[in-house]
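Student: Can you walk me through this model? I'd like to go helix by helix, then look at the cores and charged pairs.

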Amino acid sequence: MAGGDSLEQLQWTALLGAGKLGGTPRLTADEALVLLEDIAYAHVLRPGDRTILDLAAGSRRLRGTDRAEVARLLTGCGLFTAGDGGFSFADEEMAHFLAAKHLVRRHPRGPRWWHPGERLAPRPGWPWPALGTDLWLAALWWRSARARVERRLNRLLRDEHWYPNIRFVLELIRRDLVPGHDFTGRVVEVLREGLHGDRLADDEWPAAAGWLGAFDPATARLVLDDLVRASRNGCRPQRRLLAVDELAKHDPVRARESLAFLAANLIGKPPDRLATARLIRDRDPALGVRALLLLAQSPTMGERRVPAAIEAGSADVMRDLTDPRHGVSDPGRLKLLAELLARNDGMARETAQRIAATARQSETPARVAVLLHPHDPAAAWEVLEAVAWSGEAGDAARLHAVKAIGELDRGQAVPALQRLSRDPTAGGDIRVDAAQHIVDEHGGPVTALVDLAGDGHVPGKARLRAAELVGRTQPRTGARLLVAIAPRRLEILEQAYDLDRSVGAAALANLAADSRVPGRRRLAAVEAAGAGLDRSARIQLYSQISETADNEPAMEAAQKLLALDSTRGHERMADLAARTTAGFPYRVKAALAGGAAAVPVLRELATSGSVPDALRLKVAKELDRYDRKAADTPLRDLAARGHPHDVRLQASLAVRGKHSVRALVSMSDDHSVSGELRLQAALRAGEKDPAAGLAALRKLGQDPRLPGAVRDKVQQHLR
């Protein structure tokens, strides 16, 4: 945008053109100026398909005038040029000025916030659309409605709007379109605060710095210098670098001094400091290296000392950082070693040995050797040998070293792994890992795994793992090894069974037959063997378990035996019923399941005064199935004296013949029995002998001690 034309110059030129366009009976000079303003407004702010000629010819003031005549008038006024595309304004600045005059004519009292499309409102981007129009509009209104324009411009400078709208105010001031204004101090302060704060994005900040530099170079230098040197301002390191870049545009010498100051006084978190040092290096390699060296030797930088040292390129600093006293991690020290080796550092071998000897991670010595090997094979082998075959080294470190031997010399891979797998100074797990590596990574034999599984000096857990690994490729061998290692561990024998049914089933059968093993585990062994055992084998094992196991497992085994072989099952139940060490409920349960084979025990239990009456009743009723005579005595005894009384009632019903009626009548007349049970006894007696039952009911109904509710029931039965 041209900035040399003043408002007065444009006004004079516009009047001159209007005078040439007017001066006819149809169009005065004043009307011609209004026409020009209307054309400019439509051309600048309402662009469309209509050309300038269309706009002029279609105006009310030139309506009816031939288009050729209109074209002649436009050409003659001096404000337009004609080309292939039609007429255009000779000076776009004039177009914006005339469009602004159109708006002022429509709104002579200045801007109103409620006007649709209010021209001086804050915008999100820069430059504004039709910026020239808005500038001349503000300039024209400034002369007629200054207070309102000032309010609009102050709004543009508020915290939430100033970026990028401050440019509009700056442009007005630069072009002296708002004479007598007092915005200078406000503009400088807004830019100063914006540059110090952290609200501007990195791509916005340089623009704001440039605006201040163009508007007030001296203040810009002070602000930028303060941003670089005063840590109290809280400016991010990268932002401080941008300040140096901006300062270089105004004062290159001071910018160089500021960059040196920044390199020597890096602040922020370690990532920020490292990033800043790199950016300094991009601007000044020597200063950048100096900053990186400072960071590399600063303990507060932690692991980022490693890239700082590498990028600074100091072999001395890199070597020093590998010393464990600095606390750099093993991966960090390995990066430093790799860089030293790439630089053909003369002390790299000693550095490598130091890292290997002070490693914190098990794989570090092996990684040291792999890095070292291309540069010094002998030193690499020395590192590996010192770790792989040292009983003092950690197991994991030894395995990593042995694997590295195979990586560097494929011919030594399997022999080295075999050697480690046989080394008694190594832990069992690592020995198994080495043996597994032979098979998995090198396609070697399972011999080392078989040897470990069979070695009684190896911890049991490692032996079992070795056997499981053997089973992956040789199931039967793996199963036999598992059985040999843990013949009495059910879960291991189940694994063996999964590998080889015949081997596993035989081992499970042996476990089930072992009377030293708890009964439940023996039962579980038979179940685990499943189809691996035939019927006769299961019968034999259940018989053995029921004979030698404790009570509950023996009972469970006898029940399973009963399902397979009723004769042997009954016999075994009879044996369990005869166990005098067992409780009466257990013995009765077994006797009831023993059938005829348990008759002797049933007789014993039915006549024993030590057995609770409720259990004696069950036994006597079961005995009655096989020996009525023997069952009669205990049943009559229970019918006469059984306790609790419901047992007495059940026994009375179980007694045969007249003894049952007598027992029921006797019970109905017994005042120690509850009224409800006495009524039941009388009723059941009536079922067997109506006369006796009726007599018992009548007598019962005459008993004054009988509860009223029971007496009512008796009377109901007597009606």
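Student: What covers the buried residues of H6?
Tutor: The cover includes helix H1 (7–21), H2, helix H5 (92–106), helix H7 (146–156) and helix H8 (162–174). Helices here are DSSP runs (H or I, at least four residues), numbered from the N terminus. Buried means under 20% relative accessible area, exposed over 50%, and partly exposed in between (1.4 Å probe, protein chains only).

Student: Before we go on, what sort of model is this?
Tutor: It is a predicted model, where local features need pLDDT of at least 70, side-chain atom pairs count only at pLDDT 80 or more, and totals for chains, interfaces and linings use all residues. Residues are numbered from 1 along each chain as its sequence is written, and side-chain values use heavy atoms, with hydrogens and water left out.

Student: Back to H6. How many of its residues are buried?
Tutor: 12 of the 14, so H6 is largely enclosed by the rest of the structure. Among them are Asp 134, Trp 136, Trp 141 and Trp 142.

Student: And what length does H6 reach?
Tutor: Helix H6 (residues 131–144) reaches 20 Å from its first C-alpha to its last, close to the 20 Å expected at 1.5 Å a residue. The expected span is 1.5 Å times one less than the number of residues.

Student: Is Arg 119 buried or exposed?
Tutor: Buried, as is Asp 134.

Student: How many salt bridges does the structure hold?
Tutor: 54. One joins the side chains of Arg 72 and Glu 69 at 2.4 Å, N to O. These two are three residues apart in helix H4 (residues 67–77), so about one helical turn separates them. Glu 69 counts as partly exposed because its relative accessibility is 30%. There is also a network of salt bridges linking Glu 37, Asp 38, Lys 101 and Arg 105.

Student: What about Asp 703 and Arg 705?
Tutor: Their side chains meet in a salt bridge at 3.8 Å, N to O. Asp 703 is buried, with a relative accessible area of 8%, whereas Arg 705 counts as exposed at 59%.

Student: Switching to H21. Which residues are buried there?
Tutor: Ala 379, Ala 380, Val 383, Leu 384, Val 387 and Ala 388.

Student: Now the largest nonpolar core. Which members touch the most others?
Tutor: Of its 111 residues, Phe 80, Phe 97, Leu 98, Ile 166, Phe 168, Val 187 and Trp 205 do. The largest share, 10 residues, comes from helix H2 (residues 29–45). A nonpolar core is a set of buried Ala, Val, Leu, Ile, Met, Phe, Trp, Tyr and Cys residues joined through side-chain atoms within 4.5 Å.

Conventions. Contact means heavy atoms within 4.5 Å. A salt bridge is a side-chain nitrogen of Lys or Arg within 4 Å of a carboxyl oxygen of Asp or Glu.
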